[in-house]
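User: Hi! I am new to this structure and would like to go through it with you, one question at a time. Could you show it to me?

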Amino acid sequence: MVFKNLAYQSADELVYGLSKKPVILKNGLSIGGGNVIPEINFTLPTMSITQDTMPQVLEQYRGLMEDICKRAVDLYVPEFVAEIEVLPPMTFNPQWGIEVTKVVRDIMYHYENKYGIKGAVRITPVDIREDRATTHMWSGQNWDNIMTLFEGAAKAGAELLAIESIGGKEVHDDATMFADMRQAVFALGVLGCKDMKKLWRAIDDIARKTGAVTAGDTACGFANTAMVLADRKFVTKSYAAVIRVMTAVRSLVAYEEGARGPHKDCGYEGVYVKAITGTPISMEGKTAACAHLSPVGNIAAAMADLWSNEAIQNIKLLGGMAPTVSFEQLVYDCRLMNEATKRGDATRLLMRDLLVDSDSYYDPQAYVLRPDVVMDLSKEILSVDGHFNRVKKAAEVTIQTLKDAHKAGKVLIEERELSILDTLGEQVAGIINDEAAFIEEMKDECDPVKFDPKKYDL
């Protein structure tokens, strides 16, 4: 599928809890059907993961999931999603990840049968193809391990299949360090999209075979890396904002290849995916501060269908185990938004706009998540054809939009960043329109130690 038009006619339709194409699972759980649903994400405390320690690993997951489900009963939670971001050892050894999935899902089945709490598991293998041993992106042991984990986890009960893929990241890391838009366009518009097509066709095949749902991919390794570096003053906020919008084209490829949603939480570009495809999205904001800081704590919730905490280690806090504490925070956030929904469209829109306006002025990374801005930029992105052209267009229009918004007093951009926006715009304008010729240029420009064109069949 090639998306040519937006799924929504007006920015007022882009609201939390409601999507044009809700995902309805076999147990009746409806994501994007009206309410915002908590999505709890958790990980292990610092510990070794080996064959010998797997009993302790499984006990960690068993304990934290029991604790979360008990709290769901106490708080009268009707439904929630649990995401398992599989750690590297459990992806290199997919059977370990499958065992974890089964432990988590069996506990949720028990609470669903006993208390009626509808649940779902999202499985997210780590993309282990980033290592130097990977000689090709779409074959070899690492590729096979990821696919084995997807299929085994789906058979063990995981309803939603997701990943944070890294195709093109070896080039994009350099692009971010040097604010090089040529490399960014190449990484996202060529390498990333090329990888996404292959990857999501394979994941879609597994979903069709197992009855699971292809949920989506996030540009965490690209845009979130830039966001974290901007927070630490290593790159500018404006650069990170431009990259965020550019990554939407790459993340959209999963849906072109059959993904149905919900898009994954750490991909803030999901708002663009929702506007274009109508699929539900998971988002994270202030309740994800346990994992990383961000300038989008409130606005991230404005269009969320699932509300997530990113990831939290299973450690003891004063209130209880950290995943359970984080789950409670998500539950209360969702209750508030859903209560506004019960009071009618006007109240829901008011709540959404408060979430938006409380953040959007203070950082360009927040500004590009505004529903009205998302609609405008999405239209521009879809006005051209081809991933390469769309990534270039995303960069061009985002740069201009930020400059115009700053001039109009709508967003705070530091003076030193304005000249950098001009430089970024000049770099994008200098990229030739011939994609094939551009690829040949970039094959010579990229660091040969880090980038091997043969891994992408170039």
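User: How many of the residues of helix 9 are buried?

Analyst: This is a predicted model, where local features need pLDDT of at least 70, side-chain atom pairs count only at pLDDT 80 or more, and totals for chains, interfaces and linings use all residues. Residues are numbered from 1 along each chain as its sequence is written, and side-chain values use heavy atoms, with hydrogens and water left out. Helix 9 covers residues 270-277; helices (H or I, at least four residues) and strands (E, at least two) are DSSP runs, numbered from the N terminus. Buried means under 20% relative accessible area, exposed over 50%, partly exposed in between (1.4 Å probe, protein chains only), and the helix is mostly covered, with buried residues numbering eight of its eight.

User: What covers the buried residues of helix 9?

Analyst: Those buried residues include Val271, Tyr272 and Ile276. Counting contact as heavy atoms within 4.5 Å, the cover includes strand 1 (18-24), helix 8 (237-256), strand 8 and helix 13 (371-382).

User: Which strands stand at the edges of the sheet?

Analyst: The open sheet has seven strands in the order 7-6-5-4-3-9-8, with parallel pairing; two strands pair if DSSP finds at least two bridges between them. Each edge strand has a single partner strand, so one side of each is left without a neighbour in the sheet: these are strand 7 (213-217) and strand 8 (282-284).

User: Which residue stands opposite methionine 283?

Analyst: Strand 8 runs parallel to strand 9 (residues 306-308), and three bridges join them. In strand 9, the residue opposite methionine 283 is tryptophan 307.

User: Is alanine 162 buried or exposed?

Analyst: Alanine 162 has its place in strand 6 (residues 160-163). Because its relative accessibility is 0%, alanine 162 counts as buried.

User: How far apart in space are alanine 162 and threonine 214?

Analyst: In sequence, alanine 162 and threonine 214 are 52 residues apart. In space, C-alpha to C-alpha, their separation is 6.7 Å.

User: How does leucine 412 count by its relative accessibility, and where is leucine 412 found?

Analyst: Leucine 412 is found in the loop between helix 14 (387-407) and helix 15 (415-429). Its relative accessibility is 43%, so leucine 412 counts as partly exposed.
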